[in-house]
Structure formats: C-alpha cells, structure tokens
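Biologist: I'm new to this one. Can you put it up and walk me through it?
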Amino acid sequence: LSLRVHISRKERADAQVVTGHIGVHIGKDYRGEDVVAYTAPILKSNWFIVSKMDLKEVRSEARETEILLVIILSFIIISTLSGLYWFYYSKQKNFYKNLYLKEEEFSTVVNSIGDAVITTDEEGLIKYLNPKAEQLTGWTTSEAIDKNLESIFKIVNEETRLPVDNPADKVLKQG
C-alpha cells in the first residue's frame, strides 16, 4: 500500500478512477505497461476497483482471431476462384469440342459432295478446296491457301471462252 500516484497523471488507469472516470480506459499501470482497465468505485466505501489486462494480451487474442479470419477468407476466395476457373474451363472445353465436331461434320460433308467447293475469307482469299475443287482447278488446298480466288478459279464463257465476272466477287462485296 506504499505505492502512490498523483491524480494529474491522466495516462494512468488508477488515477482516472479517482478523478471520476468510470468504465473502460486504456492507459498505463504501475509497471508502466499499456493496459486496458475497467475502473469503478466500490459502493458505500472510499475505495475504488481497477481491473486490468495487459494490452499485449488483448491484442494477442485479437491477433489469433485475425489470423483465423484471414485463413478462412483465403480459403473461401481460393475455393470461389477455383470454382469459377473450373466452370470457365469446362465451358471453353465444351465450346471447342463442339466446334471441332462441327468442323469434322463440315469437312465430311464438303469432302463427300460431288461438286467443287471453294471457301474464302471476307477478302476473297482461299481457305479450303474440297477434292473435287482441287481436281477442277489443278491446285491443292495447301498450294491455294491465302491466294486470291480469281488467280485460282477463272470463269470463262462456255461458248466464247472469254473471261466472265466471278459471281463470288459480287457475294463478297454485297455480303
């Protein structure tokens, strides 16, 4: 009971209760350590009670909770991102699988047609010739790729043998 503290030291939890502060207070204790204290007068006496806990101890418990929350949130975020990636990957896989099947179907149909089929891009550059078109033009698909349609396939009038406007040009220009 020989410890004495002047009430003007506002940082001290025990000095706060004497000046009328009742409730939770963050300050220093007699050791000079930071503490969280609850201060209150004892009824029907001249005494006061100060219940304290070191701030380090309070923060360590909060730190444990904080670490647990970070771990849980990280798990939730990683799980969500993994699920979204799996969903996207599965959609892409199905898309490309269907595209491949359609391409196979197209290739089978075009290759089995008895007519010559030549496909081009929007600029009129050759992209594919079926076997009948290769036979008719004398070009293979690998030789004709990215060449202009008119340089591979020339249309002439049956009677006059003069060049005729290519109808594919009209389709390409008008869409």
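Modeller: A word on charges before we start. Lys and Arg count as positive, Asp and Glu as negative, while His and the chain ends are not counted. Also, this is a predicted model.

Biologist: Fine. How many positive and negative side chains does the chain have?
Modeller: There are 22 positive and 25 negative ones. The centres of the two sets lie 14 Å apart.

Biologist: New topic. What secondary structure is there?
Modeller: Six helices and five strands. From the N terminus, the order is α-β-β-β-α-β-β-α-α-α-α.

Biologist: Why is the chain called more spread out than a compact globule?
Modeller: The globule rule gives 16 Å for 175 residues, but the radius of gyration is 44 Å, well over that, so the chain is more spread out than a compact globule. Along its principal axes, the C-alpha trace spans about 130 × 30 × 25 Å.

Biologist: And what share of the residues is buried?
Modeller: Buried residues are 15% of the 175. The accessible surface comes to about 14000 Å², with 60% of that belonging to carbon and sulfur atoms.

Biologist: Which residues make up the largest nonpolar core?
Modeller: Six residues: I126, L129, A133, A144, L149 and I152.

Biologist: Let's zoom in on A144. What is A144 in contact with, leaving aside neighbours within four places in sequence?
Modeller: I126, L129, W139 and I152.

Biologist: Last one, on contacts between residues at least 6 apart in sequence. What share joins residues at least 24 apart?
Modeller: For this chain, 12% of those contacts do.

Methods
Residues numbered from 1 in each chain as written. Predicted model: local features only at pLDDT ≥ 70, side-chain atom pairs only at ≥ 80, totals over all residues. Heavy atoms only, no water. Helix = DSSP H or I, 4+ residues; strand = E, 2+ residues; numbered from the N terminus. Rg over C-alpha atoms; globule rule 2.2 N^0.38 Å. Buried < 20%, exposed > 50% of the residue type's maximum accessible area, 1.4 Å probe, protein only. Contact = heavy atoms within 4.5 Å. Areas by Shrake-Rupley, 256 points an atom, 1.4 Å probe, with all protein chains shown as cover. Charge placed at Lys NZ, Arg CZ, Asp CG, Glu CD. Core = buried A, V, L, I, M, F, W, Y, C linked by side-chain atoms within 4.5 Å.
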